[in-house]
Amino acid sequence: MVPLDRQDATHAQLVLEMLLESGTDFASGEALSGKLGLSRTAVWKVVNALRDRGYAIEAVPSRGYRLVRVPDRLTGLEILPLLETHDLGRAVHAFDSLGSTSEHAFRLAAEGAEHGEVVVAETQTAGRGRRGRTWASPPGKNLYTSLILRPELPPQRAPELTLLAAVAVAETLRGEGVKATIKWPNDLQAGVKKIAGILTELSAEADRVHFVVLGIGVNLNAASSDFPPEIAEVATSVTRVLGRRVNRAAFLARMLGGLEQWLDTHEQEGFEPVRERWRELSSTLGQEVLVKAERRELRGVAEDIDTDGALLLRTEDGVERILAGDVEQVRSRLRP
Ligand code: BTN
């Protein structure tokens, strides 16, 4: 596959946008060349470069071109034409393999990358989970992405963004048909199995966030055999739930759109709307749970999250406010 130079990549992206807009109709060669300011032969070359990259494009004399199939690959070419965002995805850094998309995004942000730049990889060799765990990242199946955000927030409000991201990912999964819920603070579940996870890392000084890296992993097309056995038991994927594959670029584009809308709401109206939606999507509230925090384990009923996103747990000794930890649902002895 001949690599596309910058100009060819821009043309390929514009052709794809027009073909996507035309849907099942044909886009005429004349319209394409007029809009792009390219000769008909140059358009033909772009179409062939796209075919070379796995796009199936039908060409019918006197009717034009029609997009029949897009490859299931995650590069700017697949993602950018689908984006309807103003900031998120303004640059897409795509890799076949990375240690961790978050590690890479952190480095880019430290070197000055802008708000909204996105890192994505087909696989991760050292995917990071919360609390020092690893994130299984089988190649070519799922979504592993990290977003660079530069919010105007004091560092103590950064956890709000994690809950915000959980809401946006849950809603994107629901849009796909998976009835996802959120286990405090930000595990996305389908039933009792984990389907996505969020890892928020930040660089800050006492009163100002320099940047936040929002790392999001979503199990989209993985079969259980794609995971190590211990993970396969507790994890699921959209494919396993729905019995069909998901186009990863389209999922990412929708997820970025949802995230951006929530970021705008958060900027304009504060945390309260996010908190309300998080509560609606939560599988934790109202449940008897065991919370494994840093140095202690607590059992009680998860009553609410407070205005900082902390979990309010009613224990035998009163209400405890928990800022970080893992939650396990305890089967109530009262229930059969
Ligand atoms: C969790 O433990 O639930 C959080 C998992 C976060 C995984 C994602 S995958 C993309 C990004 N890069 C990483 O190394 N981790 C996050």
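**Entry 1. Salt bridges**

How many salt bridges does the structure hold? I counted 29 salt bridges. I note at the outset that this is a predicted model. Side chains of opposite charge can pair when their charged atoms come close.

I looked up R248 and D72 and found their side chains joined in a salt bridge, with N to O at 3.1 Å. R248 belongs to helix α9 (residues 248-269), whereas D72 sits in the loop between β2 (64-69) and α4 (76-79), so this pair ties together parts that are 176 residues apart in sequence. D72 has 30% relative accessibility, so I recorded D72 as partly exposed. I also asked which residues form a salt-bridge network with R248 and D72. The network links D72, E122, R245 and R248.

**Entry 2. Two pairs between strands**

I turned next to K292 and E328. They form a salt bridge whose closest N and O atoms are 2.9 Å apart. K292 is in strand β10 (residues 288-292) and E328 is in strand β14 (residues 326-329), so the pair ties together parts 36 residues apart in sequence. K292 is partly exposed at 30% relative accessibility, and E328 is partly exposed with a relative accessible area of 38%.

I then examined R314 and E303, a salt bridge in which the closest N and O atoms are 2.6 Å apart. Strand β12 (residues 311-315) carries R314 and strand β11 (residues 297-305) carries E303, so this pair ties together parts that are 11 residues apart in sequence. R314 is partly exposed, its relative accessible area being 42%. E303 is likewise partly exposed, at 39%.

**Entry 3. Domains and the contact between domains 2 and 3**

I consulted the domain assignment, which gives domain 1 (6-69), domain 2 (76-281) and domain 3 (287-332). I took the C-alpha centres of domain 2 and domain 3 and found them 24 Å apart. The contact takes 14 residues from domain 2 and 17 residues from domain 3.

How much area do domain 2 and domain 3 bury between them? The value is about 1,200 Å², with 49% of it on carbon and sulfur atoms. On the side of domain 2, R131, W184 and R275 lose the most area to domain 3, and together they account for 56% of what that side buries.

I then listed the polar links. Between domain 2 and domain 3 there are five salt bridges. The count of residue pairs in polar contact between these domains is nine. Which helix gives the most to the side of domain 2 that touches domain 3? Helix α10 does, with four residues. Helices α6 and α10 (272-281) each supply at least two residues of that side.

I also recorded the pair D304 and R279, a salt bridge with its closest N and O atoms 2.8 Å apart.

**Entry 4. The loop residue T307**

I located T307 in the loop between β11 and β12. Which residues does T307 touch, leaving aside its neighbours within four places in sequence? I found E160, F271, E272 and R275 in contact with T307. For distance, I took the C-alpha atoms of T307 and D52, which are separated by 52 Å and lie 255 residues apart along the chain.

**Entry 5. Nonpolar cores**

In soluble globular proteins, nonpolar side chains tend to be buried together. I therefore looked for nonpolar cores, meaning sets of buried nonpolar residues joined through side-chain atoms within 4.5 Å.

The largest nonpolar core has 60 residues, and L173, L188, V218 and L259 have the most contacts inside it. Helix α6 (residues 159-176) supplies the largest share of this core, 10 residues. This core draws at least three residues from each of domain 2 (76-281) and domain 3 (287-332).

Leaving aside its neighbours within four places in sequence, L188 is in contact with A166, V169, A170, L173, T181, I182, K193, K194, I195, A196 and I198. L173, one of these, is also listed with L188 among the residues with the most contacts inside the core.

Terms used: Residues numbered from 1 in each chain as written. Predicted model: local features only at pLDDT ≥ 70, side-chain atom pairs only at ≥ 80, totals over all residues. Heavy atoms only, no water. Buried < 20%, exposed > 50% of the residue type's maximum accessible area, 1.4 Å probe, protein only. Domains from an automatic or database assignment. Contact = heavy atoms within 4.5 Å. Salt bridge = Lys/Arg side-chain N within 4 Å of Asp/Glu carboxyl O. Buried area = accessible area lost by both parts, 1.4 Å probe. Polar contact = N/O pair within 3.5 Å; in protein donor to acceptor, adjacent residues only side chain to side chain.
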